[in-house]
Every structure is written in C-alpha cells, then in structure tokens.
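The following note sets out points for a colleague who is examining this model.

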Amino acid sequence: MILILNAAVTEQSPDFQLLKSRLQDYAGVQVRVHVEKGAEQDLTEIYLIGNTKSLDMAEMQGLPAVARVVRVSEEYRILGRHKDDQRPSHFEYNGVRFGQDTLNVFAGLCAVDNREHVEIMLKAVRDNGQVCTRMGAYKPRTSPYAFQGHGKNCLPYVFELAGKYGIKVMAMEITHESHLNEIREALHQTGNPTGVMLQIGTRNTQNFELLKIVGRQTEMPVLLKRGFGITLDESLNAAEYLASEGNRNVVFCLRGMKTNMGDPHRNFVDFSHVPVVKRLTRMPVCVDPSHSVGTRAASPDGIMDMLHVTAQGVLAGANMVLVDFHPQPPKALVDGPQAMLLKELPYFLEDVQIAREAYLKRVALRQRQG
Ligand code: PEP
Ligand code: MN
C-alpha cells in the first residue's frame, strides 16, 4: 500500500512525525519513505510493506498528512500501474522529457571507435534536429578476444563533443559499478556538457548487485534492456530493483528475444509487447531495432526490416528508439553489418515520424469512440 502525502508535507513536518507514530500501531507493517523530486515541489510517499492486507483504505485515508491511498499488487510496487494510480508516467532529464506520451530517437554509435567517427556522428545527429544519441564505451562481448570498448579513455572527448553538438542525453551502457564513477568523473572534468542515460544491457538485466548500485544513484536515469532469455515478468522485476533502491527514472527497452540459430533476425522481435509494458508499468518503453533485427535486409517493398519493426513499435506507442548508425560501417569495430548509414538518418527519422503520426491518429480515433 502506498500513502501519498499532501504536497506541502516533508519529512520534517509535524504531521509527518504524527503519521509515523500512528503507523507504529500497525503490527507487522514496515514503513519505507520515498521522496519524489518534482520540478516545482517534492512529493513524499510512504510505502507500507509486510502485513498490509488487513489495512482499511478509509482508515488509512484518514491518517494525518495523507492525500491519497493506493493499494498495490505485490508486483512492481513502485514502477507498476495500480488501480486508481495517478502517479506520473514521465520524468525530465537535462531538459528532455521521457514519458509514456513522448517519443525520442537515440541514433548513434554502437561502439565508440575513434574521435573522428564520434564527431561525424554527433554532427549528423545535431544537423537532423536531434538532441539524444547512443555511444558505447564499455562493450559486453561474446568473445573475450573481441574489442571490449575504449572505456574511460574515450569519455572526455565523447562528452566534450556531445556538448559541442548540443546533445542533451546520451545512452551509454555500463557493465560494472566502477564505470559509474568513471562516467561521473569524466562528466565533472569536462564541465557536465551533456547528460548520460545509464544503459544496463540484456546480459546484465538480472545482475542484481549492479542494479542495486545503479538504482542508488538518482542523478542519471537508466535504460534497462529486457533480458533476452527470461520472462517479461523477470525483466520488469529487474526494473523494480532500480526503483526500489531509489531511482524510478527508468526506461524499459525491448530488444528481441533469443530463439534459434538460423532465424531470419538476430533475435525474435518482441515489439508487440510495447503496449503490454505500458499497461503493466508507468515506464516509457524503448525499442531497439538494431539489436533485435541485426541485419540490413530489406523486403520486396525496399524497406529494411529494421525500419519495418521500428514502425511497428512506434505504431504501438513506443516512446524511444535506440538505433545503431555509423559513418563507415565496414570499419566499425562492433556491429558494423547492422549499422544504418548516415545518409539514411533523415529518411529514418521521417519514417519514424510517419509511424508516430499514425499512432497519434489511432489514439484520437479510439477516443472518438468514447
Ligand atoms: C547495445 O545496445 O549496444 C547492446 C549491447 O545491446 P543488448 O544489451 O540489447 O545486446
Ligand atoms: Mn551493438
């Protein structure tokens, strides 16, 4: 059960102290306080954990400082959507809004290879009116002999160039807690020219200790990839780990599921789950056409499968697209064969826009049905 407190109440308020002492009367009920930082004011929420089944909604509603009471199901307590739950389904980061009602495209390098390619990429992103990108510095690779990413060495020039080209948010995967500090330090040293959305890759979706550490910091939002070989419920619980530690600015990314070798795509595309995740949780949902499809194959209509699946995801209400581009794919150190070409960026963005407009028309049509 969640008690959402009156807007003016803080942990220092006398009403809050009174409420806390009243809550001690309920045996077997533990209290966890969460302060949601808002643009205008903070909102204090009290999570009641344990033996809450017998608690009476009306009685809780009558306690001091309580504005609203939400009875939550056992699952996804913080990020989930519960009955009569009006908590927000968006957040702002570095001036960019991420919500279940917005769409942001993160086109960029799968892996940073050199300064020149980073600059060409970021310039193309800026020239196409975008403020978000992806840049991989730490790469989790199947083979220990494969390029593992330039790591912290590339961060200063990546961040400086991001600032130069007006990038507000960059998705960057981390695979170890030490990377968090390396990113923080490099951002600090370069004067915070950009924002970073920490990406947890599909191989680390259930790395619970990493999730806890990333969840304990709240300065950077998190992009959590769905685990490629686990249930949706398990992946949503992984997202809940981040939130339960304090960071609820989480975007959930669909990136395809492992099936068998010989399938036409690198992974089995799961973008039909976009509306499912939006129904079960309040997280914005991202689709990754690059790591799900994994080839530049096109159908007889001339449209690449990656664009078809992106459109399918966006048409179903996706809120973010994470996609690999590269100035010279044959020279890319990671995932060159699936990279889109820079000259295809305006085309890609226009195709996404067509799908977005169609989605908004579909929502309007549904609303007219009453
Ligand atoms: C990536 O986005 O670069 C990546 C490695 O993706 P995933 O974790 O989905 O395989
Ligand atoms: Mn990749």
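How much area do domain 1 and domain 2 bury between them, and what share of it is on carbon and sulfur atoms?

1. The two domains bury about 350 Å² between them, and 25% of this area is on carbon and sulfur atoms. Arg-32, His-34 and Glu-36 account for 83% of the area that domain 1 buries against domain 2, more than any other three residues. The model is a predicted one, and the total for such an interface uses all residues.

2. The bounds behind these values come from the domain assignment of the protein chain, which gives domain 1 as 2-72 and domain 2 as 92-368. Taken over C-alpha atoms, the centres of domain 1 and domain 2 are separated by 36 Å. The contact itself involves five residues of domain 1 and four residues of domain 2.

3. Helix α3 (residues 115-127) packs with helix α4 (residues 155-164) at an angle of about 25°, and their axes are 10 Å apart. Because angles under 35 degrees count as roughly parallel, α3 is described as roughly parallel to α4. The crossing of α3 with α4 is right-handed. On the α3 side the contact is made by Arg-115, Val-118, Glu-119 and Leu-122, and on the α4 side by Tyr-157, Val-158, Leu-161, Ala-162 and Lys-164. By class, the contact of α3 with α4 has six nonpolar and three charged residues, with no polar residue.

4. For helix α6 (residues 208-216) and helix α7 (residues 232-244), the axes come within 7 Å and cross at roughly 40°. The pair α6 and α7 is therefore oblique. The crossing of α6 and α7 is right-handed. From α6, the residues Phe-208, Leu-211, Lys-212, Val-214 and Gly-215 meet Ala-238, Tyr-241 and Leu-242 of α7. The contact of α6 with α7 divides into six nonpolar residues, one polar and one charged.

5. Helix α10 (residues 305-315) and helix α11 (residues 345-368) have axes 8 Å apart and pack at an angle of about 30°. This angle makes α10 roughly parallel to α11. Helix α10 passes α11 in a right-handed crossing. The residues of α10 in this contact are Leu-307, Thr-310, Ala-311, Val-314 and Leu-315; they meet Tyr-347, Phe-348, Asp-351, Val-352, Ala-355, Arg-356, Ala-358, Tyr-359 and Arg-362 of α11. By class, the contact of α10 with α11 has ten nonpolar residues, one polar and three charged.

Key. Residues numbered from 1 in each chain as written. Chains lettered and ligands numbered in written order. Predicted model: local features only at pLDDT ≥ 70, side-chain atom pairs only at ≥ 80, totals over all residues. Heavy atoms only, no water. Axes fitted to C-alpha atoms, helices over the stretch in contact; angles between N-to-C directions. Helix = DSSP H or I, 4+ residues; strand = E, 2+ residues; numbered from the N terminus. Parallel < 35°, antiparallel > 145°, perpendicular 65-115°, else oblique. Left-handed = near helix turned anticlockwise from the far one by under 90°. Contact = heavy atoms within 4.5 Å. Nonpolar A, V, L, I, M, F, W, Y, C, P; charged D, E, K, R; others polar. Domains from an automatic or database assignment. Buried area = accessible area lost by both parts, 1.4 Å probe.
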